Amino acid sequence: MGMGPLAIYLSGLGFEVSGEDDGMGEEMLARLRAAGVRVGEMGPEAEIVTYSSAIGPRHPAMAEAARRGLPQVRRGELLAEAARGLKLVAVCGAHGKTTTTAMLITALRAANFPAGYILGGLWADGGAPARAGSNDWVVAEIDESDGTIGSFSPEITLTVNLDWDHPDFYRDPADLERTFAALFARTRGPVLVSDADPRSLRVSAAARERLTFGRSGDFAATLLEENAAGLKLSLGGRFPGTQVSVGARGEFNAANAAGALAAAALMGVPPAARALADYPGVKRRQSVLSRSGGITVLEDYAHHPAEIRALLGSLRRQTRGRLWAVFQPHRYSRTAQFAAEFAAALAVADHVHLLDVYPAGEAPVPGGTSADIYAEMRRTQPGTAVSYMPGAKGLAGWTGAPLGEGDILAFVGAGDIERHACDWLAEREKLQAAAAEWDRIAAEWKAGLSPEARLRREEPLARRTTLRVGGAARLYAEPANEADVAHLLSAAHRRGIRVFGLGRGSNLIVPDEGVDGLVLCLAHAHWSRFEPQPDGSVRVGAGLRLKNLCGLAAAAGLSGFEFLEGIPGSVGGSLRMNAGAMGGWIFDVVESVEVADGQGRLLTLRRAEMHVDYRHCAELHHALALGAVLRPKAAQASADIAGRIDEYRRRRHETQPREPSAGCIFKNPPGTSAGRLIDEAGLKGERIGGAEISPVHANFIINRGEATSADVLALIRRVRARVRQERGVELEPEVLLYGRDWQEVL
């Protein structure tokens, strides 16, 4: 956005300009070609190379320039050279530069004042972002981020604010202040500063001529009205009595307009009532992407805490419903410096979703990730719902966010957030179409179920799990008999819909986005049977709780099941995972298992036919256990069995946490235990959001009350990384990631 307009401006001056970009957008490409700029690899005619500071010396184009011995200059240095000999109006400051520059250009064009300009963005109406003028004035925003601001000696300097930013270059606010003090000293004419920014006022005190704009001072603007068409301002100070319409919204745009009109007046263009009425706006500055279904979706370039606070504050005043924000931090160094400020600024929204940092060429730094903002928000901003999923699929599943009538969703950031916003809208449309299809499927399938069966859409799953986290199932069913199961499985098979069995909800983590498929739960009483057989075996249903199995077996004087006491699952889940404890395994007592395969066919598998190992039964990976025949070890006095159950219960209470959990998170590596490795790494009590590594047993992650699935997954990644780093062991999850593959999130 900085390089493209400069290329267009230089082409307008008569230079032959070519260039390349690793991420060229179609709109900028069209604007460049329309201006006669050749886009492609550097040709033999090149005499000088200019580059963005985000481009490193190892980039192929830079290496080729070095090989040819061509001069290489940064963007700001070439812009300063192009403005030499002209009256430059330099718009600068931490944020708001592009909008203020665009407003100044709009006011000049409305008065037919033929100044040249270089905008740091694209007009919303598709106009050229730069133009060579026909008088001796040029308007440009100049960037302080890389120090090239020291090359400029403006005629007029307009500073929107001096919030500390770019900590990778300015180690403290004093560095920033010295840079701007020097710029103000080099300014030949007036220096305009905001009366609302104490740092600007202090630093500009020694300027040759210091004027103020804002709510008071030399160029004042009072906000009279804000409506759907924009703002109405009453001007005071040096131009009292004038009312101006501005085609933008928000109090911060009233300040931007005051600065732009002040600069225009100093250039010889006094403010007119309609000077900014036709302001077209700049892309990525409150750009509305959709107003479908009463929901407004917009995108904005805000990437500093002060910008975000101003943006969300303005949107909060506009919304009739809830305010949602998707934020992509820009640069690791900025994120590390302002993590707490970002958390506070984002808390203006009701719901926040974080994307990974857009690095802009930086290497990661400690404390500079989106996970750090996430943790800060979870710790300090309990009133705002926040979610985060790292990786390229950071918005996967969040398309289902329950936005409603009057809500506003803002995509915020300076990286490639616009692409994410467009992708989100496209996925949202697909999801809405899919929701309608799910509704049709549910209506169709209900017709084939027994009256006692249940089939529901978007059933919340968190309350059905022992960890108490996660989203909803697209379809949720509770069959009342084998015929219901066969009907559901065969119908799902015909449509290619995935099926997930759900018992008591232990040993699994449901993602926050929920499960795309059919969740089949054997919660009906039919599946909780306990039937002693004449040959001494017991026939049990897959929905029978293990706790109840132990109690019923003890009452019947049947031993061999006591080790299952305390495992918070059902028979079906224990078979799927070959559950074990206290030295025993469920398949130690299994004679046969009744299953329904993926096509709904009912089968009985003998124990000898099944492939069982640690925490896994191969035959149940793609089939659903409906029941089993179990063989007790022996008949025994109920009191003796109950005594062993009490002993196992006591040992569990002493060694395992009582808070909500999914059980052991990681498999035990050969020769050691996962809990010991995690404990030795000093991770007991480690916490992200509402998820915590249990102080009682380090292989348990507990829910402290408000945990999300994202909290748990982030903590799992942290544990694996620490144990890998300190012990060289790669811990593998034992719990299931319900409906997803662990490789997608680890």
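Hi everyone, let's start at one residue, Ile-509: setting aside neighbours within four places in sequence, Ile-509 is in contact (heavy atoms within 4.5 Å) with Leu-467, Val-469, Ser-709, Val-712, Ile-716, Val-735, Leu-736, Leu-737, Tyr-738 and Trp-742.

A quick word on the source: this is a predicted model, where local features need pLDDT of at least 70 and side-chain atom pairs count only at pLDDT 80 or more, while totals for chains, interfaces and linings use all residues. Residues are numbered from 1 along each chain as its sequence is written, and side-chain values use heavy atoms, leaving out hydrogens and water.

So where does Ile-509 belong? In the largest nonpolar core, of 91 residues, Ile-509 is among those that touch the most other members, along with Phe-180, Ile-308, Leu-346, Leu-354, Ile-678 and Ile-716. Such a core is a set of buried Ala, Val, Leu, Ile, Met, Phe, Trp, Tyr and Cys residues joined through side-chain atoms within 4.5 Å, and buried means under 20% relative accessible area with a 1.4 Å probe, protein chains only. Helix α18, residues 709-727, gives the most to this core, with 8 residues. Another core lies apart from it, with 43 residues, including Phe-113, Val-139, Ala-258 and Ala-260.

Now let's zoom out. The protein has 18 helices and 41 strands; these are DSSP runs, H or I of at least four residues for helices and E of at least two for strands, numbered from the N terminus. Of its 746 residues, 53% count as buried. Among contacts between residues at least 6 apart in sequence, 65% join residues at least 24 apart. Finally, the C-alpha trace spans about 105 × 55 × 55 Å along its principal axes.

Conventions:
Buried means under 20% relative accessible area, exposed over 50%, partly exposed in between (1.4 Å probe, protein chains only).
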